[in-house]
Amino acid sequence: MEERTCKRKTVEVGCWLVELDGASCFHTFDLSEGGVCVNTDEPLPVGRIVTLQFFTPKGAAPVSISAEVVWSRLEPTAGMGLRFTDLDPKALQVIKEFTAILEQRRK
């Protein structure tokens with residue numbers, strides 16, 4: 001099993017996967033500084049490159065991050081895992097702040 005380098009935070013927030021032929025809306029179920037898992041009945045194939053967009057409580061503009069599908073499954077729960085690629089320092093900071101807000105809300 002793959003070892004995670006970043007701790008995942010459970011979150012439910014709308015996000016969009018943008019591809020050349022359109023965009024799809026999903027709800028995330030966990031997020032870290034390295035990637036995200038999304039619930040979907042139609043997971044994309046491994047290796048597909050997408051742009052993930054989502055809003056945080058601190059910003060009016062969406063956060064846009066390039067990601068690669070690293071796993072995809074229909075069972076036991078349909079979904080896919082995305083690893084962030086080319087994450088710039090500003091986007092990384094937004095993710096850190098967002099996960100900190102989520103952690104505070106759980107306390």
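In what follows, a residue is called buried when its relative accessible area is under 20%, exposed when that value is over 50%, and partly exposed in between. The model before you is a predicted one.

Let me apply these terms to V94. Its relative accessible area is 21%, and V94 is therefore classed as partly exposed. V94 belongs to helix 1, which covers residues 89–106. Leaving aside residues up to four places away in sequence, V94 touches T56 and V63. Between V94 and V63 there are 31 residues of separation along the chain, while their C-alpha atoms lie 7.9 Å apart.

I turn now to the protein as a whole. Of its 107 residues, 36% are buried. Among contacts with a separation of 6 or more, 51% are between residues 24 or more positions apart. The accessible surface amounts to about 6700 Å², and carbon and sulfur atoms contribute 51% of that surface.

Two points in the backbone deserve mention. The bond joining E75 and P76 is cis, with omega about -5°. P76 sits in the loop between strand 5, residues 63–73, and strand 6, residues 79–84.

D86 lies in the loop between strand 6 and helix 1. Is D86 buried or exposed? With a relative accessible area of 75%, D86 is exposed, because that value is over 50%.

Technical notes: Residues numbered from 1 in each chain as written. Predicted model: local features only at pLDDT ≥ 70, side-chain atom pairs only at ≥ 80, totals over all residues. Heavy atoms only, no water. Buried < 20%, exposed > 50% of the residue type's maximum accessible area, 1.4 Å probe, protein only. Contact = heavy atoms within 4.5 Å. Areas by Shrake-Rupley, 256 points an atom, 1.4 Å probe, with all protein chains shown as cover. Helix = DSSP H or I, 4+ residues; strand = E, 2+ residues; numbered from the N terminus.
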